[in-house]
Amino acid sequence: MRQHAENPVDWYPWGDEAFARATAENRPVLLSVGYSSCHWCHVMAHESFEDPAIAGVMNERFVCVKVDREERPDIDAIYMQATLAMTGHGGWPMTVFLTPDARPFYAGTYFPPAPRQGMPGFPDLCRSIADAYRDRPLDVDHTATELVRRLGEGSGSSGATGETPPGLTDDALVGLARRFDPDQGGFGGAPKFPPALALEFLLRRVWRRPNDTHSQEMAELTLLRMANGGIHDQVGGGFHRYSVDAVWLVPHFEKMLYDNALLASVYALAWKVTGRERYQEVVQRTLDYLLREMRTPEGGFAAAQDADSPGGEGAFFVWTPGEIDELLSPEEAALARALWNVTREGNFEHATTILHIDTPMERIETDHGPNVGRLIDSARAKLYAARLERPAPARDDKVLTAWNGLAIAAFAQAGRLFARADYLAAANEAADLLLDRLVVEGRLMRTYSEGVAAHLGTLDDYASLCHGLLALYDATFEPARLVAARRLADEMVDRFVDPVGGGFFFTGSDAPTLIARTRELEDHPTPAGNSLAARVLLTVAALTGDTTLTEIADGALAIVRSDAARHPQAFGTALVAIDLLVQPGRQIAIVGDPAAPETTALLDAARRGSGPNDVVAVGRPDDAAATNACPLLADRPLVDGRPAAYVCDHFTCAAPVSSPTQLAALL
């Protein structure tokens with residue numbers, strides 16, 4: 001919104017004022033939806049919205065409304081469905097023409113300022129749309145009415161009944177294998193998006209079934225190709241949004257918080273499953289990037305960094321051989337050119353190189369000696385320092401609840417796995433910010449910017465923050481984190497569940513009324529709210545024994561299970577949740593002082609022996625806060641005054657054990 005403040009277009013925010021004017025003047029509404037780090041949004045803004053002549057056409061014929069899709073995903077979701085229904089494809093910028101009562105009747109994405117490659121020029125399109133609205137009102141009304149009817153049908157229940165087939169996840173694995181690229185990893189061809197959610201599903205299978213070599217091969221090839229590719233910032237850490245090619249080389253250069261949070265989590269899981277140091281390195285460099293470049297002064301994480309920078313798209317990230325030679329010692333420069341494939345011809349615009357790795361490290365070590373690791377670290381530090389002198393991409397500083405919830409989970413998981421107290425501190429600070437500043441009068445909000453929380457939280461916000469808090473509880477066993485997660489889960493059920501058809505709506509029952517109340521069932525870049533909600537409810541149920549939550553989760557997953565089997569790449573979150581439902585894990589309760597060596601020894605044994613669907617709780621039996629937060633710990637005495645572990649299955653527990661060896665054998 002701030003980026004468009006100086007446009008000659010008379011932009012209105014979404015709200016009553018805009019639609020009241022449209023009604024009073026009988027004008028159609030031109031709705032433009034984008035986001036701050038969107039390259040083509042910037043292109044259309046420069047070409048059309050900043051052009052006084054084109055802006056004049058827009059102002060004369062329409063009431064113009066600008067929406068940030070990240071602040072108002074509810075509006076974006078509805079009109080994206082309409083755009084897909086009308087055109088068969090979607091994306092941003094999204095341009096939708098509405099009647100004064102907000103019904104869509106024509107839509108598209110990017111339009112050039114003059115006719116190009118079969119696309120109409122934007123001012124010509126605006127004139128045609130305005131003329132059609134004036135001259136053919138019955139046709140416009142019919143189109144709008146039919147679209148709203150279709151949107152309403154799409155938001156209804158699937159009517160799915162019965163139990164989830166145990167073999168559904170096996171069928172999904174076959175579907176992923178059919179789409180898998182055996183040369184470069186990932187699923188399908190260009191463009192390639194990081195499939196973090198499908199990879200989590202595969203890695204959790206490997207964790208439980210170490211002989212599932214096919215799942216492991218698909219996951220590991222993808223992870224390694226991405227880590228070595230240009231999509232991975234080899235100097236500063238973190239991942240760009242996606243690769244425009246099939247080999248992970250040339251990225252679309254924006255960096256999104258959600259991608260980096262999800263990828264940090266999945267690389268951490270890969271380390272847990274395989275023990276490969278490369279995965280730990282990727283996790284730590286990704287999270288260190290978030291701490292260094294994306295953290296806000298109050299402890300949250302900013303939404304995104306732009307694709308564009310003042311030097312042009314990608315200019316901030318690319319290098320020439322001359323720059324390498326000037327900045328590094330001869331030994332470092334020779335290694336950098338070999339390791340990251342820096343050539344005179346380059347692989348990007350203007351003979352520049354996007355750094356990437358395609359030479360095995362063993363060959364690099366053979367050619368450059370035993371000090372390769374030290375030289376790489378030194379070269380990377382010098383290049384990063386030099387890059388800081390370049391004009392940098394802009395950062396979108398707004399704090400989004402859902403994306404910060406994913407970041408909290410990533411920092412909590414990595415903090416636990418790698419004993420990084422700074423990661424756990426970052427997770428706690430972000431959680432405190434969200435719980436303190438983004439809960440207003442008992443209602444979780446969507447965004448926080450310049451000290452102000454705004455917009456009612458959607459299902460994604462509730463489910464993602466609950467997910468983050470559960471990961472933080474698993475890392476620290478701080479009762480307050482589980483209490484907050486349980487409270488969010490209960491509020492999510494109260495506000496978002498469809499009491500008739502089951503599952504979850506995207507907006508709460510108290511949200512502003514739009515033309516339809518939709519559901520978000522597929523994973524997009526972020527986990528589908530319906531599936532993530534089911535997953536966190538199953539986890540809360542395992543820790544608390546509340547089987548009602550299990551039933552609600554079952555209803556949510558029933559809506560998507562057939563699609564998850566047929567289109568697994570779009571339902572990774574659902575597949576993880578379905579596996580939790582049909583293969584519920586064990587509950588491991590460890591009673592004792594969490595700081596005592598005997599207790600931590602039991603916890604270490606539990607961590608080593610547990611599976612992906614198991615839950616662990618730790619607390620003193622006389623700690624009312626711990627036992628009230630997690631009933632799994634209640635009424636579990638010490639054994640002869642010593643810490644003890646209780647292993648339960650469906651809340652039926654084996655006899656307690658008090659030695660790590662006994663616990664390992666039991667698990």
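Colleague: Where is Ala351 found?

Modeller: Ala351 sits in the loop between α13 and α14. Helices (H or I, at least four residues) and strands (E, at least two) are DSSP runs, numbered from the N terminus. Now the ground rules. This is a predicted model, in which local features need pLDDT of at least 70, side-chain atom pairs count only at pLDDT 80 or more, and totals for chains, interfaces and linings use all residues. Residues are numbered from 1 along each chain as its sequence is written, and side-chain values use heavy atoms, with hydrogens and water left out.

Colleague: What is the phi of Ala351?

Modeller: Start with the general idea. Most residues other than glycine have a negative phi, and most peptide bonds are trans. Ala351 is not a glycine, yet its phi is positive, about 55 degrees.

Colleague: Which residues does a cis peptide bond join, with omega about -10 degrees?

Modeller: Ala190 and Pro191. Find Pro191 in the loop between α7 (168–179) and α8. Another cis bond runs from Trp92 to Pro93, with omega near 5 degrees. Pro93 lies in the loop between α4 (73–87) and β4 (94–98).

Colleague: On to helix packing. At what angle do α10 and α16 pack?

Modeller: First, how angles are taken. Axes are lines fitted to C-alpha atoms, for helices over the stretch in contact, and angles run from 0 to 180 degrees between N-to-C directions. Angles under 35 degrees count as roughly parallel, over 145 as roughly antiparallel, 65 to 115 as roughly perpendicular and the rest as oblique. Helix α10 (residues 257–274) and helix α16 (residues 401–417) pack at about 25 degrees, with axes 8 Å apart. α10 and α16 are therefore roughly parallel.

Colleague: Is the crossing of α10 and α16 left-handed or right-handed?

Modeller: A crossing is left-handed if the near helix is turned anticlockwise from the far one by less than a right angle, and right-handed if clockwise. For α10 and α16 the crossing is left-handed.

Colleague: Which residues in α10 meet α16?

Modeller: Contact means heavy atoms within 4.5 Å. On the α10 side, the residues include Leu257, Tyr258, Ala261 and Trp271. On the α16 side, they include Trp403, Leu406, Gln413 and Leu417. Now sort them by class. Ala, Val, Leu, Ile, Met, Phe, Trp, Tyr, Cys and Pro count as nonpolar, Asp, Glu, Lys and Arg as charged, and the others, Gly among them, as polar. The contact of α10 with α16 has 13 nonpolar, three polar and one charged residues.

Colleague: How do α13 and α15 pack?

Modeller: Helix α13 (residues 330–340) packs on α15 at about 90 degrees, with axes 9 Å apart. α13 and α15 are therefore roughly perpendicular. Glu331, Glu332, Leu335, Leu339 and Trp340 supply the α13 side. Their partners in α15 include Val372, Leu375 and Arg380. By class, this contact of α13 with α15 has eight nonpolar, one polar and four charged residues.

Colleague: At what angle do α21 and α23 cross?

Modeller: Helix α21 (residues 547–558) and helix α23 (residues 572–582) cross at roughly 135 degrees, their axes coming within 11 Å. That makes α21 oblique to α23. The crossing is left-handed. Thr550, Asp554 and Leu557 in α21 meet Ala574, Ala577, Ile578 and Leu581 in α23.

Colleague: What volume has the second largest pocket?

Modeller: About 710 Å³. Of its 27 lining residues, Asn228, Arg278, Ile357, Thr359 and Met361 lie nearest its centre. α15 gives the most to this lining, with four residues. The classes are nine nonpolar, eight polar and 10 charged.

Key: 1 Å grid on protein atoms, 1.4 Å probe; cavity = no way out; pocket = protein on both sides within 12 Å on 5 of 7 lines; lining within 4 Å. Points joined across faces, edges and corners; volume = space filled by probe spheres on them.
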